[in-house]
Each structure stands twice: as C-alpha cells, then as structure tokens.
Amino acid sequence: MEDYKFLFKVVLIGNAGVGKTCLVRRFTQGMFPPGQGATIGVDFLIKTVEVDGDKVKLQIWDTAGQERFRSITQSYYRSAHALVLVYDISSQPTFDCLPDWLREIEQYASPKVLRAVVGNKIDRDDREIPTHIGEEFARRNDMYFIETSAKEADNVEKLFTEIAHRLTQEARASRYSTSGPAAPDLSQSPSKSDNPCCKMLQ
Amino acid sequence: MEMCEELEEAESTLKQLSKQEEETCARLEELLLSHGDIDQRIQKIHKLMPSFQLVNSDTEELNKIVTYTASLAENISRKVKQLDLAKSMVAQSLQRVDDIMDLKACTDGVKTALQNEDYEQAAAHVHRFLGLDQRGLRSCVDIQEGSSLEEAFAQLTEAQQTLIEIVRQRFNEALSCADQASIERFFKIFPLLNQHNEGLTKYSNYLCRQVTENAVQSLRKAQGLTKNDKRYHIVLADVFSMLFEDIARVVEIHQPLVERYYAHGHIHQLIEILHKECCVQQRRIFQELLSMRALARRCKKAQDIVIKGSVERSSLRGNSSSGNLVQDSLSETKEIDAILEEMSLIHKHAELYLRFIKRRVNLDFEQSNLPPETKAAKIAEFESRISTCDLCKDMQELTSYYICLEEFFMVESVKKAVDYESYEEGSRTSSLLEDVFFLLKKCLRRAFSTSSIDGACAMLNHTCSMIEGEFHKASNEKIQRGFPTGAMMDHAFNIIQGKIQSHAEQERDRGVYIVTLNNLETACEYINTLVGALNAECPKRFPGGTPQDRAKLETCLTNLQQSGNKLRSLASNGIGQLSNSAIRPLVKVCCDSFHTSNHQLTEMEFAQFEADDGLRPYMQQFMMNLDQLINTFKEVLNPKNHEQLVALAASDITQLLEKAALKAVYNRLGGMQFDRELRFLIGYLTKIASWSIRDKFSKLTQIALLLNVESVSEVEDICSANVQSHLTWRLTPVEVRQVLSLRVEFKSDEIRKLKV
Ligand SMILES: Nc1nc2c(ncn2[C@@H]2O[C@H](COP(=O)(O)OP(=O)(O)O)[C@@H](O)[C@H]2O)c(=O)[nH]1
Ligand SMILES: [Mg+2]
C-alpha cells in the first residue's frame with residue numbers, strides 16, 4: 001500500500017478540444033501528446049505531489065466534452081474535491097459555454113467543491129479572450145483563475161500544485177483528513193450467510 | 001772460445017738435421033705406402049662418373065613433369081567453372097523455354113478457353129502470364145523472335161482485359177439476379193486477374209443487400225408489435241441483435257471463401273463494408289428506440305425529478321402527493337425498468353458484435369504475409385476507424401440515456417423503500433435495508449451487464465452518492481430522533497416482536513432506533529459483499545478492457561466500498577447515544593448509591609454481604625439491572641453492535657465508578673468490600689464481552705488494591721512487585737498518595753514519607 005496523507009479527486013470539464021487531455025498528460029506524464037483522438041467517456045490518471053512535506057495523491061478525471069458523454073461525466077461531480085473548468089483563449093464559443101458548465105457544477109457537485117477556471121492555449125497568437133475577461137469571470141464566480149499552455153508547459157504544474165495546496169490546507173483546517181483511505185478488504189465475507197440479501201449476492 | 005762455441009752450435013745443428021732427416025725418411029716411407037690406396041680410390045671415382053650424369057638428367061625430367069601437372073590442374077578447374085556457368089545458363093534457358101512454352105500454351109489456351117467460356121481456365125492462363133518474368137523473357141530472345149514474343153504479350157494482355165470485362169459483366173449480372181452459383185464462380189476469378197479490390201467490394205456490397213433487407217424487415221415487424229406482445233418490451237434489442245447476428249453469420253460463412261481465394265489480409269475489406277451498412281441500419285433502429293421509448297422526454301423528466309428531489313426532498317416528505325400521482329410514478333418506474341433491461345441488452349449485443357469484428361480482422365492480419373509493422377499499422381487504422389463509427393457514437397448516446405434513467409430508477413426506488421419501510425417480526429433489520437440493497441444490486445448488475453465500462457463506473461458513482469446521501473440521510477433522521485428512555489425496562493422492544501400498533505410511540509421509536517443501528521451495520525457488510533461480487537464479475541464482463549479501464553473501474557469500486565465508512569461512523573454515533581441514554585443512567589444510580597454509602601464497615605456488616613455474592617444491595621440491584629438491559633439489547637442488536645455497546649458500557653462504568661471511588665473514605669474492610677465488588681463486576685463483563693475487558697479496568701483495579709492494604713508500608717512491596725511483573729502501573733505517585741489518604745487508618749505524614 002502506498003502511503004499518502006491526503007487523497008483528492010480532481011475533475012476536468014469544459015468543451016471538447018480546449019485541451020483538457022493535453023493539460024492532464026502534460027502534468028502527469030510530462031509530455032504534449034501528438035494528435036491523439038478525442039477522449040471517450042472519462043480517462044483516469046494519478047499523480048502524487050508533495051505539499052509541505054506531506055504526500056498528496058491526486059486522482060485526476062479527464063472527461064469528454066461532448067453532450068453524449070454528459071451523464072457519465074456528471075456522475076463524477078458529486079465526489080469531486082476540485083472541479084477545473086477549462087476554456088480555449090483562442091475560441092470565444094468555449095468561453096461562452098462557461099456559464100452552462102457552472103450551472104452543471106451547481107446542480108451536481110458538492111457546495112464545498114474547489115472550483116477553478118483555466119484559460120488554455122496561451123501559446124497561440126490568435127487570442128480571442130483577453131486575460132482580464134477571464135479573470136473577471138472567475139472573480140465574479142469566486143473561482144481560482146489561471147492561464148496555461150499545455151503545449152509550452154506554461155503554468156500547468158502551477159495549476160495542479162495550487163489545487164493540491166488549497167485542498168490540503170482546507171483538509172488540514174477541517175481535519176476531515178482520513179490519512180490514506182483503508183485498502184478495500186475484499187476477502188472479508190459476511191458472517192451471516194443465511195441472510196437473504198447475502199445469498200443473492202453469492 | 002769463439003770457435004768452441006761455433007762447434008757446439010754446429011754439432012747441435014747437425015743433430016737436428018739428422019733428426020730431421022730421419023723424420024723425413026719416415027714420412028716418405030709412409031707416403032709411399034699410401035700411394036696404392038689413393039690409386040684405388042681414384043679408380044673407384046672413375047667408375048662412378050657415368051652414374052652422376054644420369055641423376056642430373058633424371059632431376060631435370062622430374063621438374064618438367066611437375067610443371068606440366070600444375071598447368072593441367074589449372075586448366076581443369078577453369079573448365080569446371082565454365083561448366084557451372086554453362087549449366088546455370090542452361091537451366092535459365094530451360095526456364096525461359098518453359099516460360100515461352102507456357103506463354104505459347106497461355107496464348108493458345110486463353111483463346112480456346114475464352115471461346116469455350118471456360119473463364120476459370122482462361123483466368124488461370126492469365127494468372128500464369130501475370131506471374132511470368134516478362135522482362136527476363138524479353139532480354140533473352142533475339143530481335144526476330146522478339147517480335148513474336150511481344151505479340152504473345154500483347155495477346156495475353158488483351159485477353160486479360162477481355163476477361164476482366166467479361167467477368168465483371170457476368171458477375172454484375174449474377175449479382176443483380178442473385179444467382180448464387182455464378183456469383184461465387186466469378187468472385188473466385190477476380191483475384192486471378194489481380195482484381196482483388198473490385199471482387200471483394202462488389203461481393204461485399206451484394207452481401208450487404210441481404211443484411212439490409214433483413215434489417216428493414218425485422219424493424220418493420222417490430223414496429224407492428226402491440227404492447228400485449230410478450231417481447232414488446234425488448235423487441236428493439238431483438239432487432240439490434242438480429243442485425244449483429246446477421247452480419248456475424250455472413251462473415252462466418254464467407255470468411256473461408258475470402259481466405260482461400262483472396263488470401264489472408266483481405267477480410268477487413270468485407271467486414272468494413274458490412275460494418276458500414278451495419279451503422280446505417282442500426283441508426284434506423286436506434287432512432288426507433290429513441291421515439292418508441294421516448295428516451296429524450298423521459299430523461300429530461302427524470303433529470304428534473306432527480307435534481308429537484310435532491311433539493312426539495314426533505315420538505316416534500318410527509319405531505320405526500322395524491323394517490324393518483326403515486327400510482328403514476330409507480331407505473332412509470334416499472335416502464336423504465338423494462339426500458340433499462342432493453343437498453344442494457346442492446347449495448348451488450350453491440351459490444352459483443354464490435355469485439356467479434358475486431359477479433360476477426362486482427363487475426364486475419366496476423367496470419368497474412370505482411371511485414372509486422374504494416375500489420376500493426378493496418379490493425380490500428382482499422383480500430384481507429386471503428387472507434388469513431390456511427391454505431392459507437394449511437395451506443396455512447398444510448399449509454400448516456402441509460403445512466404440517466406438508471407439513476408432515476410435507483411433514486412426513485414430507494415425513495416419508495418424509505419417511504420414504505422416496514423418492520424418485520426423477528427427481524428433485526430427493516431425492509432428498507434433489504435429493499436435498498438436488492439435495488440442496488442439489481443441496478444449495478446444491470447450496469448455491469450451492458451459491458452460499458454464508463455456506464456458501470458457512472459452507476460458505481462451514483463450508488464455511492466445514494467448510500468452517502470439518501471440512505472445515510474434516512475438513517476440519520478432516525479438516529480437524530482434519539483433513543484427515548486423511561487418505562488423502558490418493562491416493555492423492552494416489543495416492536496421487534498411485532499406489536500407495533502399496540503404500544504406507545506416511545507417504544508416504537510426505540511425499536512426504530514435499534515433497527516436503524518442494525519441496518520447501518522448490516523449495510524456495511526452488504527456493501528463489502530456487493531463490491532466483492534462485482535469485482536469478481538469484472539473479467540467476465542469487460543474482457544477487452546485496457547489496464548487503464550481496469551484501474552478506473554477499480555477506483556470506482558473502492559470508492560463504493562468506502563461509502564460504508566460513513567455509515568459505520570453514523571452507527572457508532574448511534575450506539576454511543578444508546579449507551580448514554582440507556583446504560584449510563586443505571587451506572588449513575590449505582591455510583592450515586594456508592595457515593596452515599598458508608599465504606600467504613602464493621603466485621604459483621606462485611607460478613608453479612610458475603611451471603612449475597614459479596615455484594616451490597618445497591619450493587620446487587622445494579623448488576624441485575626445491567627444484566628437485564630444487556631440481555632435485552634443482545635436480543636435485538638446485531639452481534640457487532642452489541643459488542644460495541646458493551647464496550648461503551650464498560651468505559652462508562654470505569655469512568656463514573658472511578659470518580660465515585662475517589663470521593664469516598666474507607667476503612668480496611670470498606671476497601672476490601674470495594675475490591676470484592678469490583679472483581680465481581682469485571683468477572684461479569686468479561687463473561688459477556690468477546691474481548692478482554694480487563695485492560696479498561698486496570699486503573700480501577702489498582703485503586704481497589706491500594707484501598708485494600710493493611711499498612712502503608714505494604715504499598716512499597718506492591719509497587720516493586722508490579723515493577724517486576726511488568727504490569728503497567730496506571731497511577732501516578734500523586735494519585736497513589738491520594739488513594740491512600742482515603743483510608744481513615746493511615747496517617748498523612750506516613751503517606752507523605754512513602755516512596756513510590
Ligand atoms: N497551441 C496549443 N494547442 C493545444 C494546447 N492544448 C491542447 N492543444 C490542442 O488542442 C486540441 C485538443 O486537445 P485535447 O487535449 O484533446 O482537448 P480536450 O478535448 O479538451 O481533451 C489538440 O489538437 C491539441 O494539440 C495548447 O496549450 N496550445
Ligand atoms: Mg480530451
């Protein structure tokens with residue numbers, strides 16, 4: 001069993017093509033994936049970082065943006081500790097969709113969830129959303145804001161480190177820290193096997 | 001003088017000379033003697049002279065022979081080389097002759113074969129011709145012959161074109177009138193003419209027509225079905241299944257034919273064309289599914305209810321909706337249940353079909369002669385084309401609807417289970433537990449049976465939310481109402497015996513409280529069992545999963561398992577409350593009596609208690625009450641819950657009794673009495689608890705020990721004995737002195753002087 005002090009679930013959402021998968025790959029594998037297909041359903045990656053000497057494990061869920069994957073994606077909101085809402089700074093429509101995504105968050109996620117807005121692809125020179133517009137949106141909705149480039153590895157590390165940092169501080173403050181969830185004990189079978197429900201399950 | 005000297009000289013000289021003369025004579029004689037010998041030798045040499053001349057000439061001869069042999073050998077080897085060359089040229093020539101003869105045979109044969117409409121034969125000739133080394137042939141014939149060769153080539157090329165034209169035409173004819181025998185006949189000829197692509201494409205398109213026809217027909221039949229029909233509820237799953245099976249059958253039948261006449265590495269063409277048709281046909285069925293089952297409308301409604309429900313649920317409960325509405329939603333959930341079955345079947349069939357075609361194409365490429373890199377590239381290309389096909393997209397959309405409705409079904413059914421919770425006679429748990437877990441198991445099993453990993457994960461997530469949400473909330477509400485006490489001892493938990501109506505509200509609440517604790521504890525067990533069973537199912541349900549898929553699924557399963565933790569901590573809280581409200585008052589009464597009791601006993605008093613197990617009356621009463629209470633709880637609580645309750649009771653007793661004990665004053669007999677009672681209590685608790693309880697009581701036991709000593713000096717012995725026996729001494733020196741000061745006989749300066 002790996003030892004870590006905290007485990008956090010981070011879910012990335014936003015329109016298809018804004019660069020969610022690239023951000024996650026850049027952070028977890030240190031590379032910019034060349035021409036991979038669009039994400040199907042949900043992808044799952046893990047990275048452990050250190051916050052003030054404590055090991056913090058990030059469970060990162062990279063979701064598909066298309067409508068037909070929405071009900072899969074939504075099922076991950078409720079248990080998320082952080083929701084990262086990504087748009088593409090060179091695409092007005094991806095920014096215009098942010099309120100819709102926010103509404104989803106409010107409907108499905110826990111009210112305590114840490115929320116971040118990320119403007120990706122700042123390496124591009126055809127910017128459509130000025131930084132202050134994104135900043136303003138984040139401020140209005142009380143969200144953490146940062147601009148990144150998965151391609152140039154700009155601010156990607158900072159984004160996830162900041163999330164890990166904030167979540168850890170929150171966890172320490174409210175002490176809902178379960179120091180590393182217990183390993184599932186699958187070998188344990190129920191003692192009473194005459195129970196009807198147990199019988200059905202066996 | 002001088003003369004004399006000369007004489008002497010002359011004499012010696014003479015002597016010398018005569019000596020010399022003698023020697024010379026001897027030598028001369030010697031020489032004369034050897035003269036004969038020399039003569040002889042000279043004669044011998046003279047005799048040998050001719051032989052020497054012979055040797056010389058022989059040697060010269062030998063030299064000549066060796067040189068000659070060498071040149072001969074060289075000559076031979078050169079000849080052998082020439083011979084080899086000649087031989088291979090002969091072989092080549094023979095091949096050319098063969099080829100030319102073949103060419104001739106082909107040229108002649110193709111004509112006759114075409115005349116006789118023996119297209120197989122003609123194609124075989126053309127195939128032979130196509131296999132010839134045309135450049136090689138051209139290079140080895142002289143110009144005159146060359147012209148006839150070119151003529152043959154031209155003829156055969158023309159024959160090939162003619163043949164292609166004929167075969168194409170006849171094949172088309174055969175296809176259009178579905179003349180199976182001719183279709184197969186000409187299908188086999190295409191690869192002989194190097195027209196693999198055309199043959200396969202046309203043939204596949206022809207096979208598609210049958211698939212299309214069948215699909216259209218079966219959909220039409222399905223649309224004609226009435227609600228009363230037995231298969232109405234899963235009729236579209238049937239239609240999907242028939243389409244997939246139809247294609248699988250076509251592949252099954254025609255793959256051997258393609259492999260035999262077109263070789264490995266070609267089946268993907270057939271399969272891709274069939275699959276394209278499959279996508280077209282399944283989309284029609286999918287559209288029918290959407291409208292026939294009103295999926296979009298139902299999902300929208302379901303989402304509204306689920307979202308609203310999570311917000312307004314608590315305020316809505318109690319002032320329940322009219323009976324009509326309840327009936328409505330009941331039949332609606334039933335309908336949705338049926339639709340979910342159908343959807344899960346459809347997805348499962350589609351997944352099976354996709355795996356089938358992928359496996360067939362992969363195997364076929366693997367068996368082909370293509371270089372490994374090309375194989376891998378072709379397989380990857382095929383799979384990526386498939387993964388973005390309409391069937392996959394539609395199945396993703398189907399999964400989306402499925403999850404939405406399955407969540408709705410689960411949430412609604414759980415709500416009903418909460419509203420209609422009932423308590424059965426002789427059961428420690430309520431219907432809620434069984435109903436909820438029956439449902440969870442049903443929904444998750446169904447989700448797993450779709451073969452969609454994302455679908456299964458999503459439902460695992462929703463189940464988690466449900467357990468930590470609705471189920472936790474329903475249980476928490478009851479725990480929060482508390483465990484009412486008062487008049488409890490007389491009618492302990494008759495509710496469990498099924499006398500709900502005939503008893504007071506309070507008792508009902510007590511029963512509900514106990515059952516809720518049991519529900520929570522059993523729920524944790526059920527969750528473990530459920531997760532274990534689902535884990536075991538994974539390999540069977542998702543055989544094609546990547547390591548990443550498996551990690552995803554495992555994580556979601558682990559999360560579900562951990563949802564039990566929240567229930568467990570609620571149960572612990574509840575048991576704490578139970579102990580506080582039911583057991584603590586008893587302990588308090590006992591400790592109050594202890595406090596007000598006299599602990600300076602006379603011999604007579606001490607002897608008198610001996611008769612009653614060594615207990616004073618209030619202690620006796622306490623033990624009786626405690627035993628009765630614990631036994632009552634043992635009957636109604638789960639073993640684990642009961643164990644926890646006993647542990648809590650034991651903690652309460654030590655805590656309160658310790659306080660009381662330190663407030664009283666004792667004489668020796670009073671100390672002994674306390675020690676006696678404590679031993680009895682520990683003995684009792686040890687008997688009913690399945691784990692060692694002594695540890696909890698060690699401090700109290702040590703207090704009793706000190707209260708029991710004859711003199712202060714004895715304490716030092718006790719302390720050192722304890723150090724030797726490695727017992728953990730729980731009392732600090734201050735506490736030791738404090739306890740000793742409770743003994744009326746001990747002087748304070750004696751206690752102060754004590755070394756501990
Ligand atoms: N220039 C630039 N392109 C990016 C960046 N991040 C992603 N992309 C490109 O955007 C496209 C979509 O990226 P992807 O990660 O699949 O988006 P997703 O659908 O949100 O997961 C890909 O072609 C990426 O190469 C970035 O930081 N800069
Ligand atoms: Mg993606």
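Author: Let us begin with contact, which means heavy atoms within 4.5 Å. By that rule, and not counting residues up to four places away in sequence, Lys478(B) touches Glu421(B), Tyr423(B), Leu432(B), Val512(B), Tyr513(B) and Thr516(B). Before we go on, note that this is a predicted model, in which local features need pLDDT of at least 70 and side-chain atom pairs count only at pLDDT 80 or more, whereas totals for chains, interfaces and linings use all residues. Residues are numbered from 1 along each chain as its sequence is written, chains are lettered from A and ligands numbered from 1 in the order in which they are written, and side-chain values use heavy atoms, with hydrogens and water left out.

Reader: Where does Lys478(B) lie, and which side chain is joined to that of Lys478(B) by a polar contact?

Author: Helices (H or I, at least four residues) and strands (E, at least two) are DSSP runs, numbered from the N terminus, and Lys478(B) is found in helix α14 of chain B. A polar contact is a pair of N or O atoms within 3.5 Å; within protein, one must be able to donate a hydrogen and the other to accept it, and residues adjacent in sequence count only if both atoms are side-chain atoms. Here the side chains of Lys478(B) and Glu421(B) are joined by a polar contact of 2.5 Å.

Reader: Is Lys478(B) buried or exposed?

Author: Buried means under 20% relative accessible area, exposed over 50%, and partly exposed in between (1.4 Å probe, protein chains only). Lys478(B) counts as buried because its relative accessibility is 11%.

Reader: What does Glu677(B) touch, and with which side chain does it make a polar contact?

Author: Glu677(B) lies in helix α20 (residues 668-688) of chain B, and at 1% relative accessibility it counts as buried. Not counting residues up to four places away in sequence, Glu677(B) touches Gly614(B), Leu615(B), Arg616(B), Tyr618(B) and Met619(B). With Arg616(B) there is also a side-chain to side-chain polar contact, at 2.7 Å.

Reader: How many residues apart along the chain are Ala215(B) and Leu243(B)?

Author: They are 28 residues apart along the chain, and their C-alpha atoms are separated by 5.8 Å. Ala215(B), in helix α6 (residues 196-223) of chain B, is buried, with a relative accessible area of 5%. Leu207(B) is also found in helix α6 of chain B and is buried, with a relative accessible area of 1%. Leaving aside neighbours within four places in sequence, Leu207(B) is in contact with Val250(B), His254(B), Leu270(B) and Leu274(B).

Reader: How should I read the interface, and what area do chain B and chain A bury between them?

Author: The size of an interface is often given as the accessible area lost when the parts come together. Buried area is the accessible area (1.4 Å probe) that two parts lose on being put together, summed over both. Chain B and chain A bury about 3200 Å² between them, with 55% of it on carbon and sulfur atoms. Gln396(B), Thr529(B) and Gln548(B) supply 15% of the area that chain B buries against chain A, more than any other three residues. The contact takes 39 residues from chain B and 33 residues from chain A.

Reader: How many salt bridges and polar residue pairs are there between the two chains?

Author: A salt bridge is a side-chain nitrogen of Lys or Arg within 4 Å of a carboxyl oxygen of Asp or Glu, and the count between chain B and chain A is zero. Five residue pairs are in polar contact between chain B and chain A (both at pLDDT 80 or more). On the side of chain B that touches chain A, α16(B) gives the most, with nine residues.

Reader: Finally, which residues coordinate the magnesium ion?

Author: Donors are N, O and S atoms within 2.8 Å of the metal (3.2 Å for Na, K and Ca); water is not among the atoms, so sites may look incomplete. The magnesium ion (ligand 2) is coordinated by Thr21(A) (OG1) and Thr39(A) (OG1), at 2.0 Å. This pair links distant parts of the chain, 18 residues apart, with Thr21(A) in helix α1 (residues 20-29) of chain A and Thr39(A) in the loop between α1 and β2 (42-51) of chain A. Both Thr21(A) and Thr39(A) are buried.
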